[in-house]
Amino acid sequence: MILIAARVTIESLGRWDKHPPSGGPIGASLVDPPDVRRMSAAPSECVLESTAASQQSRGAVLIPALTASGHLPPGRHPAALDDVRMKFVDAFPGSTTRSRIWNGFLRYLRAWDDAEHTAGVEVLHGVWIAGSFTTSISDPSDIDVSPIYDKPALLKLQGRPGSGKFRALIEHRARIVDEYMVEPFAVPWVPVESTLLPDRLPPLARDALATRGGLDSWWGRVRPPGAKTAPTLQTRIADRGYLEVVLR
């Protein structure tokens, strides 16, 4: 199980300290996340602690080098937020957009934390980071992310105060891009004993697995040449990778 510990200091917005992930099988990382304990309820200094083994005992996981085509190699690659910032923000000092995009992404994560504080429940398990932000392009227009959220927990919040804050971070994609420079493609998480026989699962679990599998395939594809060209059958094979940051 890939786990990291995260600290957010809201006042700075430019600082989200994390220990690098402790390693483990990538495919299992967000299938059944462990319970965590909120160390501080104050939204101005929220601390999310996991029970991850230390970096010293398990070793750090480095983001792989980009391929000759400027993409991450195919696959889902575990990462810590500090490492993502160093590789895709600090390494592009001439970029006119990457710092602004990163700050918007941190504000987006802060909005999730504020929503959780209001509702009194933890919903966000982690994020996938993909798209042009994780390539060699100097000036991407935004950052594509897939927030992995606890679907059953969110359903229990329906009609309760603060539940709309979560919907505002998942739906209305164009507004989120305008406000945060983040384009979200959400992945619902549902606890499942086994994924080998999906036809035997309840509809909620089947839909969650289908969404997860579809976005895993999508983030591995490279568009044909051209501005926002529609996908084709020729792009069905995974030609690039993306990042996974596990928050709890």
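This is a predicted model: local features need pLDDT of at least 70, side-chain atom pairs count only at pLDDT 80 or more; totals for chains, interfaces and linings use all residues.
Residues are numbered from 1 along each chain as its sequence is written. Local features need pLDDT of at least 70, side-chain atom pairs count only at pLDDT 80 or more, totals for chains, interfaces and linings use all residues, and side-chain values use heavy atoms, with hydrogens and water left out.

User: How are helix 3 and helix 5 oriented to each other?
Analyst: Helices are DSSP runs (H or I, at least four residues), numbered from the N terminus. Axes are lines fitted to C-alpha atoms over the stretch in contact, and angles run from 0 to 180 degrees between N-to-C directions. These two axes come within 8 Å and cross at roughly 160 degrees. Angles over 145 degrees count as roughly antiparallel, under 35 as roughly parallel, 65 to 115 as roughly perpendicular and the rest as oblique, so helix 3 and helix 5 are roughly antiparallel.

User: Which residues of helix 5 make the contact with helix 3?
Analyst: Contact means heavy atoms within 4.5 Å. Helix 3 brings Y108, A111, W112, D114, A115, E116, T118 and A119. Helix 5 answers with K165, F166, L169 and I170.

User: How are helix 5 and helix 6 oriented to each other?
Analyst: Their axes lie 7 Å apart, at an angle of about 85 degrees. Helix 5 and helix 6 are therefore roughly perpendicular.

User: Which residues of helix 6 make the contact with helix 5?
Analyst: On the helix 5 side are A168, L169 and I170. On the helix 6 side are R175, I176 and Y180.

User: How are helix 3 and helix 6 oriented to each other?
Analyst: Helix 3 spans residues 98-119 and helix 6 spans 173-180. Their axes are 9 Å apart, with an angle of about 120 degrees. The two helices are therefore oblique.

User: Which helices each supply at least two residues of the lining of the second largest pocket?
Analyst: The lining is Y149, K151, L154, L155, L157, Q158, S163, R167, I170 and E171. The helices that each supply at least two of the lining residues are helix 4 (151-156) and helix 5 (163-170).

Note on methods:
On a 1 Å grid over the protein atoms alone, a cavity is a set of points where a 1.4 Å probe fits but cannot get out, and a pocket is an open set with protein on both sides within 12 Å along at least five of seven lines; lining residues have an atom within 4 Å of a point.
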